[in-house]
Amino acid sequence: MFDISSDQFQLNPNYRLQYEDAQECHVLLYPEGLVKLSETAVAILTRCTSPTNGIDVIAGLQRTYPDAESLPADVMEFLIDAQSQSWIVAVED
Amino acid sequence: MPDTGTNHYIPMWLLAELTYACPLQCPYCSNPLQLPASRKHELSTEEWLRVMREARKLGAVQLGFSGGEPLVRRDLEELIVAADKMGFYCNLITSAIGLTTDKISLFKAAGIKHIQISFQGSNKETNALFGGTDSFQHKQAMARYVIDQGIPLGLNFVLHRRNLHQITEFLQMAEDLGAEFVELANTQYYAWALHNRDQLLPSSAQLEEAEAATNRFRDQHQGNMKVLFVAPDYYEKRPKKCSNGWGTTFITVTPEGDVLPCQSAKVIDGLEFPNVRDASLQDIWRHADLFNGFRGTHWMQEPCASCPEKEIDLGGCRCQAFMLTGNAYATDPVCELSPEHHLIKKAIAAAKQDEMAEDRIVPLLFRNPSNAKKLAS
């Protein structure tokens with residue numbers, strides 16, 4: 001398990017994140033399954049398409065949404081869940 | 001027949017059965033009993049590319065390259081490249097026979113995202129016995145290379161009375177190999193498996209022990225491997241939905257271009273099967289009688305029609321209803337409320353009797369051209 005705050009991670013390269021016209025939303029595709037993503041999830045995951053870490057993701061989102069008070073905690077909660085489901089994986093040095 | 005032309009269903013999953021040709025001879029194969037005499041009527045590369053484009057337009061996102069053995073197709077790499085570019089998530093469903101390290105590397109570069117390798121037994125002998133090929137070590141070697149390449153690996157172990165006791169050994173092997181997913185798929189009794197049902201169907205005690213063994217393994221191993229145990233529906237009280245609901249989620253295209261709501265639908269007599277050579281996939285999905293005929297609940301007879309649970313299981317599997325009762329509109333006999341439920345009890349009893357009859361061992365009927373001919377005559 002990597003440290004979400006400081007370790008480098010990225011979207012699982014074996015998964016696909018894309019917008020689907022038919023479903024009118026973004027989906028995350030993984031082996032034999034998919035999940036429809038909320039706008040919040042998309043905002044976070046699109047920041048993980050290249051190597052990053054939790055602190056940078058939060059800082060970036062805070063610039064876009066300066067009034068969202070609970071943003072750091074919400075994002076961390078999402079990233080912990082994303083890590084447990086292998087949506088995001090550690091970037092090897 | 002109602003035309004639900006404006007229906008909102010999206011065929012999320014396209015199963016591309018590229019060929020029925022297969023080097024294995026599994027006696028529980030879900031492919032049709034008739035083996036095509038030759039492969040000359042299979043869809044061409046161009047035709048598959050059109051099917052895939054049309055499926056994407058309908059919103060399909062998951063694509064399973066299956067068969068038969070999809071590796072038999074020489075254009076597999078080309079199809080993967082194109083499908084990946086179209087936005088599909090590409091899964092390869094294979095026995096690994098014909099797979100090489102070079103091909104795995106090529107497929108990875110082409111865009112394959114997940115490879116599922118099937119095993120017929122948990123050791124060399126039983127794998128050879130039930131698959132009809134000596135391939136155990138090769139399958140393991142290919143599984144290792146898939147993992148080396150960083151491609152998610154799933155293992156599929158097809159279970160029946162004669163290998164159910166191997167679950168723990170199989171799970172241990174899967175964990176040692178580093179599989180991400182394991183599907184412990186009990187044989188469902190269609191096609192070749194239906195013919196061999198007396199010899200393959202386990203007892204409820206065997207199933208309970210197998211499921212307990214699976215749970216013991218899960219408890220003792222804290223790794224990331226996801227294990228799915230799929231029981232045969234003969235021991236359920238209620239039937240299973242057809243493919244998440246007939247014509248709601250899955251679309252299957254057969255090697256010669258027939259479009260089906262599930263892999264088995266061609267067993268149902270009296271239906272017309274639309275073909276991609278005659279119409280677009282969109283036209284078929286939205287308007288074909290085959291798809292609209294069993295969508296939803298409008299087609300149901302009693303006891304389904306007035307059942308409070310009809311939206312939950314949608315009357316069960318149409319293929320099973322037809323195969324066992326001769327009526328595709330009947331309640332799936334797996335349901336305890338079906339007036340034909342005794343057929344299931346009878347099948348379980350026949351299997352038990354077969355197991356007890358030590359002096360009369362009925363050989364399994366393996367899927368090969370010679371047995372297919374015997375069945376046809």
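This is a predicted model: local features need pLDDT of at least 70, side-chain atom pairs count only at pLDDT 80 or more; totals for chains, interfaces and linings use all residues.
**Where the chains meet**

Let's begin with the contact between the two chains. Chain B brings 21 residues to it and chain A brings 14 residues. Together they bury about 1,400 Å², and carbon and sulfur atoms account for 55% of that area. On the chain B side, three residues stand out: Val61(B), Gln62(B) and Tyr89(B) supply 30% of the area that chain B buries against chain A, more than any other three residues.

One of the residue pairs joined by a salt bridge is Asp84(B) with Arg16(A), where the closest N and O atoms are 2.8 Å apart.

Which elements of chain B each supply at least two residues of the side that touches chain A? They are helix H1 (45-58), strand E3 (89-94), strand E4 (112-119) and strand E6 (181-186) of chain B. The largest share, 3 residues, comes from E4(B). By residue class, the side of chain B that touches chain A divides into 10 nonpolar, 7 polar and 4 charged residues.

**The sheet of chain A**

Now to chain A, where 3 strands make an open sheet with antiparallel pairing, in the order E2-E3-E4. Strand E2 (16-20) and strand E4 (33-36) of chain A are the edge strands, and each pairs on one side only. From one strand to the next, the twist averages 30°. Strand E3 (residues 25-30) of chain A pairs with E4(A) in the antiparallel sense over 4 bridges. Here Leu29(A) stands opposite Leu34(A), which belongs to E4(A).

**The sheet of chain B and its helices**

The sheet of chain B is also open, but it is built from 9 strands with mixed pairing, ordered E7-E6-E5-E4-E3-E2-E1-E8-E9. Why is one side of strand E7 (226-230) and of strand E9 (259-260) of chain B left without a neighbour in the sheet? Both stand at the edges with a single partner strand each, so one side of each has no neighbour there.

Further into the order, E4(B) and strand E5 (residues 153-159) of chain B run parallel and are joined by 5 bridges. Phe119(B) has Phe157(B), in E5(B), as its bridge partner.

Two helices that pack on this sheet are worth a look. Helix H5 (residues 136-148) of chain B touches E4 and E5 of chain B, and its direction makes about 160° with that of E4(B). Helix H6 (residues 167-177) of chain B touches E4, E5, E6 and E7 of chain B, and its direction makes about 170° with that of E5(B).

**Backbone spots to check**

| Site | Feature | Location |
|---|---|---|
| Gly67(B) to Gly68(B) | cis peptide bond, omega near 15° | Gly68(B): loop between strand E2 (62-66) and helix H2 (76-86) of chain B |
| Glu302(B) and Pro303(B) | cis peptide bond, omega about 5° | Pro303(B): loop between helix H11 (289-293) and helix H12 (310-313) of chain B |
| Asn244(B) | positive phi of about 65° | Asn244(B): loop between E7 and strand E8 (250-253) of chain B |

Asn244(B) has its positive phi although it is not a glycine.

Definitions and conventions
Residues are numbered from 1 along each chain as its sequence is written. Chains are lettered from A and ligands numbered from 1 in the order in which they are written. Side-chain values use heavy atoms; hydrogens and water are left out. Contact means heavy atoms within 4.5 Å. Buried area is the accessible area (1.4 Å probe) that two parts lose on being put together, summed over both. A salt bridge is a side-chain nitrogen of Lys or Arg within 4 Å of a carboxyl oxygen of Asp or Glu. Ala, Val, Leu, Ile, Met, Phe, Trp, Tyr, Cys and Pro count as nonpolar, Asp, Glu, Lys and Arg as charged, and the others, Gly among them, as polar. Two strands pair if DSSP finds at least two bridges between them. Axes are lines fitted to C-alpha atoms, for helices over the stretch in contact, and angles run from 0 to 180 degrees between N-to-C directions.
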